[in-house]
Amino acid sequence: MMRTQAKRTIEKLPLWSTDDSYLEQVVSYYHQQLMVHYPRLQHLVAVLPDDVKRQRWGYCDRTLGLHLPSADTSEGGAIRGALQRLGVLKPNGHEVFRGCIVVPIFDDNGMLLAIKGKRVAVRLPARCSRWIDWFRPIEAGGGYATTD
């Protein structure tokens, strides 16, 4: 009896960490929320809907935390802890980009490098900046270290 071995083809996929997966899900969630709220926010977004979809712009409407597992569970604690360590959630669990149109910036391999957020509120408290810049932390695979 002859033994035959089936040839297996393995797709070469980028080696993404769990952090990458969490960030991808956050960007996807924000994009989904912008598509839901687009009719109300289209005057603030100065690009066409097709460009918003292609560039994966998003909107942070403060509901991400409602869709994450509870911090009391091990899974929820791990996810929320990772998002806090990455700088997407504040230590108190609130979203950094609350009330912002967000524009993700990816490298050629599709890895998230940065997010630019612009608050859509007409009036902001004095302590709030209109623009928020998030850069991928160096220890999480970011490549934007500055040297003096």
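1. Helices (H or I, at least four residues) and strands (E, at least two) are DSSP runs, numbered from the N terminus. The model is predicted: local features need pLDDT of at least 70 and side-chain atom pairs count only at pLDDT 80 or more, while totals for chains, interfaces and linings use all residues. Residues are numbered from 1 along each chain as its sequence is written, and side-chain values use heavy atoms, with hydrogens and water left out.

2. Helix H3 covers residues 74-86. Gly 87 follows H3 and has a positive phi, near 95°.

3. Buried (under 20% relative accessible area, 1.4 Å probe, protein chains only) residues of H3 are Gly 76, Ile 79, Arg 80, Ala 82, Leu 83 and Leu 86. Viewed down the helix axis, they fall within an arc of 155° (directions from the axis to the C-beta atoms), so they line one face of H3. They pack (heavy atoms within 4.5 Å) against helix H1 (18-41) and strand E4.

4. An open antiparallel sheet has four strands in the order E1-E2-E3-E4. E1 (58-59) and E4 (131-135) are at the edges with a single partner strand each, so one side of each lacks a neighbour in the sheet. Pairing requires at least two DSSP bridges; E1 and E2 (residues 100-106) have two. Tyr 59 has Ile 101 of E2 as its bridge partner.

5. Disulfides (cysteine sulfur atoms within 2.5 Å) number zero. Cys 100 is in none, with the nearest cysteine sulfur, that of Cys 60, 6.8 Å away. Cys 100 counts as buried at 0% relative accessibility.

Terms used: The expected span of a helix is 1.5 Å times one less than its number of residues. Buried means under 20% relative accessible area, exposed over 50%, partly exposed in between (1.4 Å probe, protein chains only).
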